[in-house]
Amino acid sequence: MSAQIIDGKAFAANLKQDIAKQVAILKEKHNITPGLAVVIVGEDPASQIYVRNKNKSTVEAGMNSFEHVLPEDTSEADLLALVEQLNNDPAINGILVQLPLPKHINESAVIDAINPAKDVDGFHVINSGLLATGGDAIVPCTPLGCLLMLRDRLGDMSGLDAVVVGRSNIVGKPMAQLLLNENCTVTIAHSRTRDLPGVVGRADIVVAAVGRAELVKGDWIKQGATVIDVGINRIATDDGKSRIVGDVEFAAAAERAGAITPVPGGVGPMTIACLLKNTVTATCRQAGVKEPQ
Ligand code: NDP
């Protein structure tokens with residue numbers, strides 16, 4: 001194996017420490033304690049775990065955490081009423097509605113009801129528009145985490161060829177936009193892309209956000225490329241158990257890449273750290289104070 005393994009866990013732990021220091025300064029100098037409200041509808045076990053982790057990390061960073069657990073049969077009107085209440089609550093600086101929502105609720109109606117200034121997931125159409133037009137967006141947490149790791153590894157990315165595999169609104173598209181803002185030459189690949197191996201093989205930076213276990217083969221990777229694997233896929237193992245793998249064939253890709261994120265332990269831990277970062281950013285913008293460094 002020749003690649004440097006990008007340790008997302010350690011990176012996230014450092015970032016969380018910095019955020020806790022920023023929160024302490026906000027409290028001391030401005031008498032502000034950032035507050036994050038997380039809303040979850042229904043009993044989806046994976047979502048429950050995410051929400052518990054978010055709550056724990058928020059409190060560890062010194063912020064206030066408000067959890068709203070609603071039953072599966074909550075109506076869209078009731079959920080929208082809660083969002084409106086949180087929009088108007090000065091103790092709440094960030095609002096996150098855990099996705100997916102039950103089928104009877106229109107997700108985009110709910111996301112777009114969140115005050116964009118409090119939209120710490122960065123999914124509101126105003127925030128995606130600001131990201132696309134170079135404004136002060138709140139950037140979706142997962143792509144932001146990928147960007148921070150890429151900047152740390154590569155510094156100036158100007159002129160590099162970047163390929164993002166996947167074009168979802170929450171990962172692929174904002175990731176491509178961020179890389180464009182870094183002056184990369186960006187290609188977005190998706191399920192209709194012809195010659196995916198050839199497209200990936202030209203890239204200095206590969207971000208895989210597909211949701212297909214080990215779709216990106218190791219021998220596609222250009223020698224020395226930086227590979228960020230967003231995928232989280234559970235696969236069955238021979239002993240009847242299961243394990244988590246990414247969208248990239250890790251061991252083979254690590255033979256060719258210059259640096260690569262593992263799954264688990266790469267992008268995943270950075271996502272929650274970036275949620276906390278976005279909450280601090282949102283709080284500072286709402287209060288009109290400079291983000292503590
Ligand atoms: P989506 O399912 O919304 O999007 C997947 C994208 O992959 C689509 O654009 C799709 O193309 C593309 N795709 C599917 N099959 C292929 C293929 N054979 N070749 C090329 N492209 C293909 O997924 P998300 O963006 O929400 O998530 C992607 C992965 O990232 C998942 O594994 C998810 O679990 C993980 N994830 C991890 C997070 C973390 O914190 N680490 C956070 C969020 C997601 P098309 O548009 O043409 O259908």
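Me: Helices (DSSP runs of H or I, at least four residues) and strands (DSSP runs of E, at least two) are numbered from the N terminus. By that scheme, in which element is Ile-25 found?

Reply: Ile-25 is found in helix H1. The model is a predicted one, in which local features need pLDDT of at least 70 and side-chain atom pairs count only at pLDDT 80 or more, while totals for chains, interfaces and linings use all residues. Residues are numbered from 1 along each chain as its sequence is written.

Me: What pLDDT does the chain average?

Reply: The average is 97, where pLDDT is the predictor's confidence in each residue, from 0 to 100. 100% of the residues score at least 70. For the complex, the predictor gives an ipTM of 0.99 and a pTM of 0.97.

Me: Why does Ile-25 count as partly exposed?

Reply: The count is of other C-beta atoms within 10 Å of the residue's own, with C-beta atoms placed from the backbone: 20 or more makes a residue buried, 12 or fewer exposed, and anything in between partly exposed. Ile-25 has 16 C-beta neighbours inside 10 Å, so it is partly exposed. Between the C-alpha atoms of Ile-25 and Arg-234 there are 41 Å, with 209 residues separating the two along the chain.

Me: Why is Asn-31 called exposed?

Reply: Asn-31 has 8 C-beta neighbours inside 10 Å, so it falls in the exposed class. Its place is the loop between helix H1 (8–30) and S2. Phi of Asn-31 is near 60°, which is positive in a residue other than glycine.

Me: Why does Asn-183 count as exposed?

Reply: Asn-183 has 12 other C-beta atoms within 10 Å, and the exposed class includes that value, so the label holds. Asn-183 also has a positive phi, about 70°, without being a glycine. The loop that holds Asn-183 runs between helix H7 (172–181) and strand S6 (185–189).

Me: Is Gly-166 buried or exposed, and why?

Reply: Gly-166 is buried, because 24 C-beta neighbours lie inside 10 Å. Gly-166 sits in the loop between S5 and H7. UniProt lists Gly-166, Arg-167, Ser-168 and Ile-232 for "binding site", in an unreviewed entry. UniProt positions follow the numbering used here, feature names are shortened, and annotations may be inferred rather than shown by experiment.

Me: Which residues come nearest to the ligand?

Reply: Among the 26 residues around the ligand, Gly-166, Ser-168, Ser-191, Gly-211 and Thr-271 come nearest. A residue is near a molecule or strand if its C-beta atom, placed from the backbone, lies within 6 Å of it. Helix H10 (residues 267–287) gives the most to this shell, with three residues.

Me: How do the residues of the shell divide into nonpolar, polar and charged?

Reply: Eleven are nonpolar, twelve polar and three charged. Nonpolar means Ala, Val, Leu, Ile, Met, Phe, Trp, Tyr, Cys and Pro; charged means Asp, Glu, Lys and Arg; the others, Gly among them, count as polar.

Me: How do you know that strands S5 and S6 pair?

Reply: Two strands pair if DSSP finds at least two bridges between them. S5 (residues 161–165) and S6 have five bridges, in the parallel sense, so they qualify. The bridge partner of Val-165 in S6 is Ala-189.

Me: What is the strand order of the open sheet of six strands, and why do S1 and S6 stand at the edges?

Reply: The order is S1-S11-S8-S7-S5-S6, with parallel pairing. Strand S1 (4–5) and S6 each have a single partner strand, so one side of each is left without a neighbour in the sheet.

Me: What makes strand S4 covered on both faces?

Reply: In S4 (residues 94–97), Gly-94 and Leu-96 on one side and Ile-95 and Val-97 on the other are all buried. In a regular strand the side chains alternate between the two faces of the sheet. S4 pairs with strand S2 (residues 35–41) in the parallel sense over four bridges, and Ala-37 stands opposite Ile-95.

Me: What kind of peptide bond joins Leu-99 and Pro-100?

Reply: It is cis, with omega about 0°. Pro-100 lies in the loop between S4 and helix H4 (107–111). The bond from Val-263 to Pro-264 is also cis, with omega near -5°.
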